[in-house]
Structure formats: C-alpha cells, structure tokens
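Please read each one against the model itself.

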Amino acid sequence: MKVLLVFAHPESRSLSGALRDVAVKELEAQGHEVRVSDLYADGWKSEVDRADFPSLEPDARLIPVAASKKGFEANTLTADVKAEIEKLLWADTLILQFPLWWFAMPAILKGWVDRVFAYGFAYGVGEHSDRRWGDRYGEGTLVGKRAMLIVTAGGWEEHYTPRGINGPIDDLLFPINHGILYYPGYDVLPPFVVYKVDRLEEAGFEPVAERLRDRMRTLATIPPIPYRRQNGGDYLIPSMNLRPDLGDPGATGFALHSNRVGNAS
C-alpha cells in the first residue's frame with residue numbers, strides 16, 4: 001500500500017512529531033511505501049492568491065474557483081500544488097495529522113486543502129442533472145482510496161463527548177472527514193485522537209504509540225465511517241435533503257449523514 005502522510009505541526013520534536021515517526025516506522029515495517037509532506041518544514045504557502053495562477057492575465061479579476069478550474073485544465077497550477085496532486089493520485093491512503101487548534105486544523109493545513117484540492121480535481125467533476133449532482137460525497141476523483149486523521153487535543157476526552165463542553169469530537173471533525181475527505185470520494189476511516197497531550201508524560205507515551213501502531217497495522221481493513229452516498233438514493237435532488245423516511249425522526253445535524261446510529265467513530 002502507498003501512504004501519503006500530510007503533517008502539520010511546527011515542531012518536529014513535539015508529541016505530534018513523535019507520533020508521526022511511530023506511524024511511518026510501523027507502516028514501513030508492514031511493507032508499505034510512505035511519503036510525508038511536512039508542511040511547516042517545506043515552508044508551505046497557505047494563502048490562495050494571484051501567485052497560484054500564473055496564467056491569469058495581470059488585469060483580470062481574480063475569481064479563485066474559475067482560476068483554479070482553468071489552471072488545472074491547462075496544467076498551469078504552480079509546481080508545489082501539482083506535486084501534491086501527484087502524491088494524492090499516487091497514494092492509496094491519505095493521512096492528515098495535526099493538532100486541534102481552536103476546534104479546527106491549523107491554518108497551514110487548511111491552506112494545503114484550499115490550494116491542492118483544485119476545481120476539476122477534487123471538486124467540480126461529474127454530471128449535474130436532475131438525477132445526479134456531480135461526483136461527490138462517496139464518488140469523485142479519489143474514490144477507492146482511504147483517508148484518516150491523526151489528531152492531538154489538549155482537552156480531556158470527556159470534554160469531547162456528546163454532553164461535553166467542547167462538543168462531540170465527531171461533530172468537530174465532521175467538516176474535515178465528510179466535507180474535505182468524503183467529498184472527493186475517499187473512504188474515511190475513524191479518526192485516531194489523542195487527548196490531554198499537554199499533560200502526557202513520558203511513561204504515558206508508549207501506550208498511545210502502541211494504539212497508533214495497531215491502527216497502522218489495520219489501516220487497510222478497518223471499516224470506514226458509513227457516510228451516506230449523495231447519489232445513492234438517500235438524498236432528494238436537487239434540494240440535497242435527506243429523504244424524510246430515512247434516519248431517526250428526532251435526529252438533526254451531522255449524525256443524519258451516517259448510516260450508523262450514534263457517533264461515527
């Protein structure tokens with residue numbers, strides 16, 4: 001299996017860096033081929049601006065969606081973006097690893113998504129009609145591949161439960177798992193989350209590392225989160241609302257978009 005790990009932490013000597021090394025070492029021990037995109041070490045440019053579209057006329061108004069579409073079709077996107085797209089096409093599995101900062105991924109990783117998930121590549125593909133609404137949410141360019149998150153959080157695990165003050169971890173990660181990974185076709189695996197990382201002492205590292213090794217050993221077999229496919233008949237097109245006969249009648253929010261009752265992970 002070919003695995004791309006996109007790493008977003010500014011300190012390689014951090015707990016995140018140690019976990020990255022554990023994951024890579026275990027994957028390689030299992031015979032997998034691994035590539036790492038270390039965004040901070042690589043000096044990744046996170047903002048989308050005119051420099052991303054060299055073919056854009058100097059006096060043209062920048063419309064990022066249109067510029068992305070034209071740049072991808074004409075193969076004129078910048079070299080760093082094209083290199084990451086090639087890695088995504090190469091990899092059977094994508095791992096995004098990051099610390100949870102202010103309930104989201106670090107800006108540098110969001111910028112990686114903004115720039116690399118180009119129009120015509122990760123979105124804007126497929127037929128739009130009264131039967132289909134493009135190839136997305138279970139279909140798309142990256143269908144047949146797997147993806148997962150490795151996340152470190154400072155708070156207690158109890159703080160990220162359905163009644164916890166921070167909200168359920170599955171809800172916090174839903175925009176990434178469902179909106180960024182499932183959207184272009186990935187089978188999204190349950191996230192690997194480590195809590196209380198600011199209080200984790202050396203003695204507590206090895207049990208976490210062994211849990212991560214076990215996850216890496218089962219990367220190819222663990223069942224994905226059972227998100228509903230957009231064009232599979234569960235949604236009304238073009239409203240894209242879930243059919244009224246599906247799901248718990250009293251349920252609202254993100255849980256409706258999974259075929260499993262309760263937390264996705």
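**Notes on the fold and the aromatic contacts**

1. Strand β1, helix α1 (residues 15–29) and strand β2 make a right-handed β-α-β unit, where right-handed means that, with the strands pointing away from the viewer, the path from the first strand over the helix to the second runs clockwise. Helices (H or I, at least four residues) and strands (E, at least two) are DSSP runs, numbered from the N terminus. This is a predicted model, in which local features need pLDDT of at least 70 and side-chain atom pairs count only at pLDDT 80 or more, while totals for chains, interfaces and linings use all residues. Residues are numbered from 1 along each chain as its sequence is written, and side-chain values use heavy atoms, with hydrogens and water left out.

2. Strands β1 (residues 2–7) and β2 (residues 33–38) run parallel and are joined by 6 bridges, two strands being paired if DSSP finds at least two bridges between them. For V6, the bridge partner in β2 is S37.

3. Helix α4 is mostly covered, with 7 of its 10 residues buried, that is, under 20% relative accessible area with a 1.4 Å probe and protein chains only, where over 50% is exposed and anything in between partly exposed. The buried residues of α4 are I108, L109, G111, W112, V113, R115 and V116. What covers them includes β1, α3 (79–90), β3 (93–99) and α5, contact meaning heavy atoms within 4.5 Å.

4. The structure holds 9 aromatic pairs; rings of Phe, Tyr and Trp (its six-membered ring) pair if their centres lie within 6.5 Å, and planes under 30 degrees apart count as stacked, over 60 as edge-to-face and the rest as tilted. One of the pairs, Y137 with Y182, is tilted, at 6.5 Å centre to centre and 45° between the planes. It links distant parts of the chain, since Y137 is in the loop between α4 (107–116) and β4 (146–152) and Y182 in helix α5 (residues 169–182), 45 residues apart.

5. Both Y137 and Y182 are buried. Y182 also forms a tilted pair with Y227, at 5.2 Å centre to centre and 50° between the planes. Because Y182 lies in helix α5 and Y227 in the loop between α6 (202–217) and α7 (230–234), this pair ties together parts that are 45 residues apart in sequence. Y227 is buried, as is Y182. One aromatic cluster is formed by Y137, F174, Y182, Y183, Y227 and F254.

6. Two charges sit over rings, the criterion being NZ of Lys or CZ of Arg within 6 Å of the ring centre and within 35 degrees of the ring normal. The charged end of R115 sits over the ring of W44, 4.7 Å from its centre, and K196 lies over the face of W156, at 4.1 Å from the ring centre.
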